[in-house]
Amino acid sequence: MTRPFFHNRTVLLTGATRGIGAEMLALLVADGATVLTVARDQAGLDKLEQSHPGRVFGLAADLADPAMWGAVVNWVADQHPNCDTLINNAAVMLYPQLFDTPRQHLPGIAAEITINLTAPISLSVAMLPVLTRAAQPAICNVTSGLAIAPKTDAPVYCATKAGLRSFTKALRYQAEDTGTALQISEAILPVVDTTLSRGDPAKKMPPHAVAQAILDGIAQGKAEIWIGKARALRVIHAASPRLADRIMRRMG
């Protein structure tokens with residue numbers, strides 16, 4: 001089933017060359033959207049453009065480089081000024097044992113914070129002049145149940161997702177206070193069967209189902225899109241934050 005909401009929309013989607021992002025790209029094209037995407041992998045971008053001629057446009061850019069955020073926004077404003085949707089999906093997850101040679105983890109910490117938190121915040125803000133020219137602009141930031149309760153082996157990832165969750169709420173508050181007609185959504189994910197996460201694939205949610213749920217939530221105008229087992233976590237955390245912490249601590 002296609003979503004009329006995305007028909008003729010132009011969507012800037014980060015992290016679209018693999019995992020959930022790749023599934024969202026295919027669904028958006030099927031929905032009648034034009035998809036703009038950025039990635040470090042030029043070959044991957046070329047393949048996407050060739051598979052969807054005139055519907056997918058890629059820009060080779062590394063979101064770990066702060067100089068690239070402005071370049072992405074300039075590309076969109078110059079080449080695709082009718083862009084009306086931003087989905088911040090790109091992320092990395094490292095598994096540092098912080099008490100083991102602590103200083104060696106500093107570059108990885110910086111990379112996770114930059115890609116997972118600073119880049120989506122910066123893109124959200126820098127894209128506002130482009131997005132708010134549209135009739136029904138939308139931003140969706142992809143977070144995780146780990147923003148609600150962290151797990152032991154991915155402390156920085158959990159912190160970045162918690163930070164992005166907080167930013168998304170505050171940005172929504174500012175949009176409401178200024179009367180800006182901008183739909184701002186947060187997609188809160190469970191463990192998904194991608195290379196990002198560890199654990200038994202049988203216990204993870206398929207990326208296609210997650211992509212479908214994210215896009216359905218955006219199309220329905222939801223402020224918070226709770227997906228799969230993240231919905232149960234929401235209920236548990238509301239009843240007992242301590243229990244939610246115990247469950248999530250050893251997850252995966």
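## Close-up views of a predicted chain

**View 1. Glu224 and Arg165 are joined through their side chains.** The side chains of Glu224 and Arg165 form a salt bridge with an N to O distance of 3.4 Å, a salt bridge being a side-chain nitrogen of Lys or Arg within 4 Å of a carboxyl oxygen of Asp or Glu. This pair links distant parts of the chain, with Glu224 in strand 7 (residues 224–226) and Arg165 in helix 6, 59 residues apart; helices (H or I, at least four residues) and strands (E, at least two) are DSSP runs numbered from the N terminus. Glu224 is partly exposed, with a relative accessible area of 22%, whereas Arg165 is buried at 13%, where buried means under 20% relative accessible area, exposed over 50% and partly exposed in between (1.4 Å probe, protein chains only). The model is predicted, so local features need pLDDT of at least 70 and side-chain atom pairs count only at pLDDT 80 or more, while totals for chains, interfaces and linings use all residues. Residues are numbered from 1 along each chain as its sequence is written, and side-chain values use heavy atoms, with hydrogens and water left out.

**View 2. Arg165 also meets Glu186.** The side chains of Arg165 and Glu186 form a salt bridge at 2.7 Å, N to O. Here too the pair links distant parts of the chain, Arg165 lying in helix 6 and Glu186 in strand 6 (residues 183–189), 21 residues apart. Both Arg165 and Glu186 are buried.

**View 3. Arg172 is buried without a salt bridge.** Arg172 lies in helix 6, which covers residues 155–178. Although Arg172 is buried, it has no salt bridge, and the nearest side chain of opposite charge, that of Glu224, is 5.2 Å away; in this count Lys and Arg are positive and Asp and Glu negative, with His and the chain ends not counted. The side chain of Arg172 does reach the backbone oxygen of Ile184, at 2.9 Å. Apart from neighbours within four places in sequence, Arg172 is in contact with Ile184, Ser185, Glu186 and Ala223, contact meaning heavy atoms within 4.5 Å.

**View 4. Asp216 and Arg3 bring together distant parts of the chain.** The side chains of Asp216 and Arg3 meet in a salt bridge of 2.8 Å, N to O. Asp216 is in helix 7 (residues 207–219) and Arg3 in the segment before strand 1, and the two are 213 residues apart. Asp216 is partly exposed, with a relative accessible area of 27%, while Arg3 is buried, with a value of 6%. The structure holds six salt bridges.

**View 5. Arg18 is an exposed loop residue.** Arg18 is placed in the loop between strand 1 (10–14) and helix 1 (19–30), and at 53% relative accessibility it counts as exposed. Arg18 and Ala90 are separated by 72 residues in sequence and by 9.7 Å in space, C-alpha to C-alpha.

**Context for the views: the whole chain.** The chain contains nine helices and seven strands. Its radius of gyration is 18 Å, close to the 18 Å that the globule rule gives for 252 residues, so the chain is as compact as a globular protein of that length; the radius is taken over C-alpha atoms, and the rule is 2.2 Å times the number of residues to the power 0.38. Buried residues account for 46% of the 252 residues. Among contacts between residues at least 6 apart in sequence, 66% join residues at least 24 apart.

Definitions and conventions: A polar contact is a pair of N or O atoms within 3.5 Å; within protein, one must be able to donate a hydrogen and the other to accept it, and residues adjacent in sequence count only if both atoms are side-chain atoms.
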